[in-house]
Amino acid sequence: GTYVVPAGLDEDNDDDDVVGTTPFDPDGPGGDPATDLATLFGGVSNPGSDGSDFPQYALSGSAVVDASGSDTGADNEGATIVISLGINGGDGTSSGLYTTGGVSDGAEIFLFVEDGLIVGRYESDGDTNQVDENDDAAFAIAIDQDGNVAVAQFVSLDNPNASNDDDPVDLVLDADPFTNLIFAKVTVTDGDGDVATDQVDI
């Protein structure tokens, strides 16, 4: 089936950056990436269900953002540097993706920030007026403080290329100028509480 890859994760299109082997917590439960990611995404409410092949997980092969050059200035005692995720367009923005069946038979997926994760949800509770946290999750995306990205996929997604069962899909807001739906944000807070931020699409 189709898997989710945040646009820009595999810049050279050879798939070597799409699925990594280093878990968010290398010394976590058993040091096993699947176990660590199951724990990481275990708090997502109402995960969708699509058979025994799900959920599926993926890790970036390397960091997609580097905050090591961030400077806390002279007031560095008690300073913090935090990497987080955001959505270009805010909560409820359409991902442009659908569950299997596409526009005609699938369900459109909308993006939300929930407890530090980006969660893609689709209509499932019979309330056709609005997709919210009561609806099922199709996928979730996380970033750690080293800039590594992880994805959990709970249900199959519509396959835009019928001749290729494994073609990737992207989270792109606009092709001209090219803008991704998801961004990584670096927030630097110095010891006096002064805040500086920067962000980059991923």
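Let me start with how the chain folds back on itself: among the contacts between residues at least 6 apart in sequence, 56% join residues that are at least 24 apart. Please keep in mind throughout that what we are looking at is a predicted model.

As for the elements themselves, the chain has two helices and eleven strands, and if you follow them along the sequence the pattern reads α-β-β-β-α-β-β-β-β-β-β-β-β. So much for the order along the chain; now to one of the places where strands come together.

I would like you to find the open sheet of three strands, whose order is E2-E10-E11 and whose pairing is antiparallel. Its edge strands are E2, covering residues 80-87, and E11, covering residues 195-201, and each of these pairs on one side only. From one strand to the next, the twist averages 20°.

Within that sheet, let us look at E10, which spans residues 182-189 and is joined to E11 by seven bridges, the two strands running antiparallel.

Finally, let me step back to the chain as a whole and ask how much of it is buried, and what its surface is made of. Of the 202 residues, 40% count as buried, while the accessible surface comes to about 10,300 Å², with 44% of that area belonging to carbon and sulfur atoms.

Definitions and conventions. Residues are numbered from 1 along each chain as its sequence is written. This is a predicted model: local features need pLDDT of at least 70, side-chain atom pairs count only at pLDDT 80 or more; totals for chains, interfaces and linings use all residues. Side-chain values use heavy atoms; hydrogens and water are left out. Two strands pair if DSSP finds at least two bridges between them. Helices (H or I, at least four residues) and strands (E, at least two) are DSSP runs, numbered from the N terminus. Axes are lines fitted to C-alpha atoms, for helices over the stretch in contact, and angles run from 0 to 180 degrees between N-to-C directions. Buried means under 20% relative accessible area, exposed over 50%, partly exposed in between (1.4 Å probe, protein chains only). Contact means heavy atoms within 4.5 Å. Accessible areas come from the Shrake-Rupley method with a 1.4 Å probe; for residues, only the protein chains shown count as cover.
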